[in-house]
Number of protein chains: 2
Amino acid sequence: MGTQEQVLEVARRARQAAAELAPLPRAVKDAALHAIADALVARSAEIVEANAADVARAREDGTSEYMIDRLSLTTDRVAAIAAAVRHVASLPDPVGESVRGYTLPNGLELRQVRVPLGVVGIIYEGRPNVTVDAAALTLKSGNAVLLRGSSSAYESNTALVEVMRSALAGLPADAIQLVPGRDRDSVKHLMRARGLVDVLIPRGGASLINSVVEESTVPVIETGTGNCHVYVDADADLDMAVGILINAKTQRPSVCNAAETVLVHRDIAEAFLPRALRALGEKGVTVHGDAAIRAHAGEGATVVEATEEDWGTEYLSLDLAAAVVDSLDDAVAHIRRYGSAHTEAIVTTSQSAARRFTALVDSAAVMVNASTRFTDGEEFGFGAEIGISTQKLHARGPMGLPELTSTKYVVTGDGHLKGA
Amino acid sequence: MGTQEQVLEVARRARQAAAELAPLPRAVKDAALHAIADALVARSAEIVEANAADVARAREDGTSEYMIDRLSLTTDRVAAIAAAVRHVASLPDPVGESVRGYTLPNGLELRQVRVPLGVVGIIYEGRPNVTVDAAALTLKSGNAVLLRGSSSAYESNTALVEVMRSALAGLPADAIQLVPGRDRDSVKHLMRARGLVDVLIPRGGASLINSVVEESTVPVIETGTGNCHVYVDADADLDMAVGILINAKTQRPSVCNAAETVLVHRDIAEAFLPRALRALGEKGVTVHGDAAIRAHAGEGATVVEATEEDWGTEYLSLDLAAAVVDSLDDAVAHIRRYGSAHTEAIVTTSQSAARRFTALVDSAAVMVNASTRFTDGEEFGFGAEIGISTQKLHARGPMGLPELTSTKYVVTGDGHLKGA
């Protein structure tokens, strides 16, 4: 079989599995998740061994130690992955939830209930734990999953999927499948499997996501890039503003909800900037500032000249773009022009400023006096997340289990006829 | 300007208008809708005159009288269109609705609120009233709309949009725009305006919808085709089954929620089919039956042999495919294989059969003892609808005003830092 036929074959099997999964009650799915967790722990030696082959190849390829650390699995890490699966089992089942229900004037009883999406394809880079996390969340929500991980983690992913499938006693093993093929071709065929695959969720860098969005005929949920802003209002509490800025930028700079730009109201610039720049400098942050920012660069601060490109850059590093703005509305205009609509924060003591900022900023999450770092499924109380959507259709912001469902209407009558 | 530049230009203007519309309170939008309704009535002579040009051209082109009737506007029809706009004004505003809200363990207050989608593109065939209906619904939900109607209604649509825009005092006129160009090129450019247009909703025949789904890089909400099934269970009430089947097939055969196939349980076939086939015959329905159906064809019935193609056909006419099945599960399998996941109905007195059918059938709407014809935004109590989604992402089934919105998270703290 060619790659295309192989991909379509797994998609067809996933479709069949999805039909069997959809009506299953929670207890059956949770039992399978616990069996998966048990199997991961019991067979962790095997998994670690398969992972060693990926790690060895990555070393030969001259991969950085940072990336090798992300790729590496140990017995402890496998145990942590298994614990995450048990946690997913403990979460409520979204399937069957009635999201709307009433009796119509003619006596028809209408209920809108959550149902699984069907077949979910996940295209991801990065760590092998995503393989298990994604499988657990899709299984819990009654979906079949097609996993297409990074080719650098191919041996690890193959082992993890094999162990998970072996634990699916009573459930269709094809609920969890790896997409065959290691080259880009298999991704291409997955993106064209409309009618077999219900949704694709790409997780990874901007180039991966853009190529999926451009080429896919299967509906896509776009995740990720975060060019997040912190706006320090004229009426900000200075301690709070410095605290939030440092946290948003430095607490974990490599993630999508880290701040990439600070915008400072002109009226507070003189009071705020010397302190903020010093604090950023202490944390090793390089500030890419406009002229007004650079005018406040003092001892201990690293400030370079910002270019137009800086305003649109997701650094994911200890770099921060910085500009002084004349008003809240100018801050909003800047965000609208350069932002990625992920998360923006305002620091202010003014109720009217908070109200205007949250009304005008059109991002997945708007923080008032809180760090941008809180945009996260766990932090939001969803228990887990499959990614953070930066698009407006279907799901926006952190996606938990309900975002892996659709709905259907169930309408009950006693012989109701239209127009009768 | 070339067509592409013209389309991008209206999309950019729509984007700007959308930013201005998003924070508007309900009263402002409702006032604009009433002004639109007033203007449509006041200038109906102008609209009817423009429409006459379309009608004259359609006659020259040899268009059928049925299509000409659909295209034609009279003063009364314009008044009815205006009344529909006032009705939209009377509906609740979905924007600002809090769909989820709680305080997190760390004290952060989280609210998920409805916001407009932004720029909505509607690509439609058919009647010019859609131009006004779609504009009213998108405006009410705070969106800017790009309208791309049938070229056969170009003069009518141009007049209607001009009248509506002139009534938008105080609101950005670019909230409502016609996409320039009468050829397919302008549709193509609209489908590639990713980043400017937030969603495309094609309304019309299967070929229009498929081409949008295949070619668009803008997210699409698929509407429409309905190969709807009525399943008559072994335990059905015969009178009810005949009533529902006749209503679902014949009450308005040309619409997507009309039934196209009946599936009859073998155990009830002998009691049900002679009556049903006679009743269908009286209504002028041609039944395309399998061998078991044809065995029951008696006087007054028109029954022809069904081919494989019949099972997948949306007739939209007084034709009906019919098959006898051995079990409820076989009916479900048939629906899964040939259906379009729009609406299916079961007629049964058995609680367990109803429960199993609604659990296993994966369609936008599942009717128990009710006609498929009830799948409709008005019937479901939504007040109006922009179309019926047959896809699983974002919206499924009849789409009302809330389905024209996205959400954002507003999270409020008092200096909350992650990991602190």
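This is a predicted model: local features need pLDDT of at least 70, side-chain atom pairs count only at pLDDT 80 or more; totals for chains, interfaces and linings use all residues.
Strand S16 of chain A (405-416) runs parallel to strand S13 of chain B (residues 365-370), and five bridges join the two. Residues are numbered from 1 along each chain as its sequence is written, chains are lettered from A and ligands numbered from 1 in the order in which they are written, and side-chain values use heavy atoms, with hydrogens and water left out.

Now for the rest of the meeting between the chains. On each side, 70 residues take part: 70 of chain A are in contact (heavy atoms within 4.5 Å) with 70 of chain B. Together the chains bury about 5,700 Å², with 55% of that on carbon and sulfur atoms; buried area is the accessible area (1.4 Å probe) lost when two parts are put together, summed over both. Leu393(A), Tyr409(A) and Lys418(A) supply 14% of what chain A buries against chain B, more than any other three residues.

Polar links also turn up here. There are 39 residue pairs in polar contact between chain A and chain B, both residues being at pLDDT 80 or more. A polar contact is a pair of N or O atoms within 3.5 Å; within protein, one must be able to donate a hydrogen and the other to accept it, and residues adjacent in sequence count only if both atoms are side-chain atoms. S16(A) gives the largest share of chain A's side, 11 residues. By class, that side has 33 nonpolar, 20 polar and 17 charged residues. Eight salt bridges (a side-chain nitrogen of Lys or Arg within 4 Å of a carboxyl oxygen of Asp or Glu) are counted between the two chains. One of them links Glu403(A) to Arg100(B), with the closest N and O atoms 3.3 Å apart.

Inside chain B, Arg114(B) sits in strand S2 (residues 109-116). Its side chain makes a polar contact of 3.1 Å with that of Thr405(B). Leaving aside neighbours within four places in sequence, the residues in contact with Arg114(B) include Pro94(B), Glu97(B), Pro402(B) and Ser406(B).

Elsewhere in chain B, strand S9 (residues 286-289) runs parallel to strand S10 (residues 302-305), joined by four bridges, and His288(B) stands opposite Val304(B). S9(B) also pairs in the parallel sense with strand S11 (residues 319-325), over four bridges. There, Thr286(B) has Asp319(B) as its bridge partner.

Conventions: Ala, Val, Leu, Ile, Met, Phe, Trp, Tyr, Cys and Pro count as nonpolar, Asp, Glu, Lys and Arg as charged, and the others, Gly among them, as polar. Two strands pair if DSSP finds at least two bridges between them.
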